[in-house]
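Thanks for coming. I have one model to go through today, so please look at the sequence and the structure while I talk.

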Amino acid sequence: MLPSDTLSQVFAALADPTRRAILARLTLGEATVKELAAPFAMSGPAVSKHLRVLERAGLVDRGRSAQWRPRRLKAQPLREVTEWAEQYRQFWDANYARLDTYLDHLQATEPQDADTK
Amino acid sequence: MPTPSSPGVTEIDTPSDLEARITRLVAAPRHLVWLAHTVPGHIQRWMLGPPGWTMPVCEMDLRPGGTWHWVWRKSAGEEMSMEGRYLEVVAGERIVSTEKWGPEWPETVNTIELTDHGQWTLITTTIRYPSKEARDAAMATGMTEGADQSYARLDELLRSLA
């Protein structure tokens, strides 16, 4: 699970609450920049800037045919992140479970005088 | 801080905007837990992550200013590398170090503290991120199981797509 450039870009994109809110909105269906800007006290250009970050991360793309080029969600990078995240979450538990076993082993093999040194 | 009442439970919380804290109680005396955290031959036996990974490189110059470099490898050839520098070392009690996964990842400052808990030992790892955004990104991507309410929406989103 070597973190790729794509994963880094997805993480960076997800780090911002506005961008997460935009993604959440896009799960409901495609939307224009104007529609996406509506819930935020934010200008169209500011929202466009967030959208560019999301597009670079491969999380959002644009419809081709419509005049207003609505944005839509692309799910694949998020799937990769959830797979990575699951491994990351397991990291602590797996390590500590192994540490428990290893400490049992150390205690069983520890010389009797170890505490009196 | 949420202290696990029994071994085998990993607790995670956020003591400040910049930090994430992981606590774990282990049924062993502190001097052994210290050994398991500071001697490469010991670390390589347990600090392996998910099944299928090994830790072929475990270099540590355990003194303030000394560097460390750990590499994990999966049988398929995937590799994961992490490195940093020790800032503070108090034998048997405390290690403060920097940690970096790669050029595009934020450097964190990690503090590992061992405290007596009766005959057992409490391991407290505090990870300090350079910004709240970096901490939130790490946590939002699964470092904690129970994300707080501000991430409920993201969790929902991720679940719906998984």
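Strands S5 (residues 79-90) and S6 of chain B run antiparallel and are joined by four bridges. This is a predicted model, so a word on the cut-offs: local features need pLDDT of at least 70, side-chain atom pairs count only at pLDDT 80 or more, and totals for chains, interfaces and linings use all residues. Residues are numbered from 1 along each chain as its sequence is written, chains are lettered from A and ligands numbered from 1 in the order in which they are written, and side-chain values use heavy atoms, with hydrogens and water left out. Strands here are DSSP runs of E with at least two residues, helices are runs of H or I with at least four, and both are numbered from the N terminus. Two strands pair if DSSP finds at least two bridges between them.

Back to the hairpin. Three residues sit between S5(B) and S6(B), and B:Gly92 has a positive phi near 80°. B:Val90 is placed opposite B:Arg94 of S6(B).

S6(B) also pairs with strand S7 (residues 108-117) of chain B, again antiparallel, over six bridges. Which residue of S7(B) is the bridge partner of B:Arg94? That partner is B:Glu113. The side chains of B:Arg94 and B:Glu113 also form a salt bridge, N to O at 2.9 Å. The rule for a salt bridge is a side-chain nitrogen of Lys or Arg within 4 Å of a carboxyl oxygen of Asp or Glu.

Is S6(B) mostly covered or mostly open? Mostly covered: five of the six residues of S6(B), residues 94-99, are buried. Buried means under 20% relative accessible area, exposed means over 50%, and partly exposed is in between, with a 1.4 Å probe and protein chains only. B:Arg94 has a relative accessible area of 25%, so B:Arg94 is partly exposed. B:Glu113 is at 30% and therefore counts as partly exposed too.

B:Thr98 is also in S6 of chain B, and at 10% relative accessibility B:Thr98 counts as buried. Contact means heavy atoms within 4.5 Å. Beyond its neighbours within four places in sequence, B:Thr98 has contacts that include B:Trp68, B:Glu83, B:Leu87 and B:Val109.

Now the interior. A nonpolar core is a set of buried Ala, Val, Leu, Ile, Met, Phe, Trp, Tyr and Cys residues joined through side-chain atoms within 4.5 Å. The largest one has 37 residues, and A:Leu99, A:Leu103, B:Met55, B:Trp70 and B:Trp72 have the most contacts inside it. Elements giving two or more residues to this core include helix H5 (76-109) of chain A and, from chain B, strand S3 (53-60) and strand S4 (67-74). H5(A) gives the most, six residues. Leaving out residues up to four places away in sequence, B:Met55 touches B:Ile43, B:Gln44, B:Met47, B:Leu48, B:Trp70, B:Val71 and B:Trp72. A second, separate core has 17 residues, among them A:Val10, A:Leu54, A:Val60 and A:Leu78.

On to chain A. Chain A has five helices and two strands, in the order α-α-α-α-β-β-α along the sequence. Of its 117 residues, 45% are buried. Helix H2 (residues 17-26) of chain A is largely enclosed by the rest of the structure, because eight of its 10 residues are buried. Among those buried residues are A:Arg19 and A:Arg20.

Last, the charged pairs. The count over all chains is 10 salt bridges. A:Glu55 pairs with A:Arg71, with the closest N and O atoms 3.2 Å apart. A:Glu55 is in helix H4 (residues 44-56) of chain A and A:Arg71 is in strand S2 (residues 71-73) of chain A, 16 residues apart. At 7% relative accessibility A:Arg71 counts as buried, whereas A:Glu55, at 22%, counts as partly exposed. A:Glu55 and A:Arg71 are linked with A:Arg62 in a network of salt bridges.

A:Arg72 forms a salt bridge with A:Asp61, the closest N and O atoms being 2.9 Å apart. That pair joins strand S2 of chain A to strand S1 (residues 60-62) of chain A. A:Arg72 counts as partly exposed at 31% relative accessibility, and A:Asp61 is partly exposed at 23%.

That is what I have; questions are welcome.
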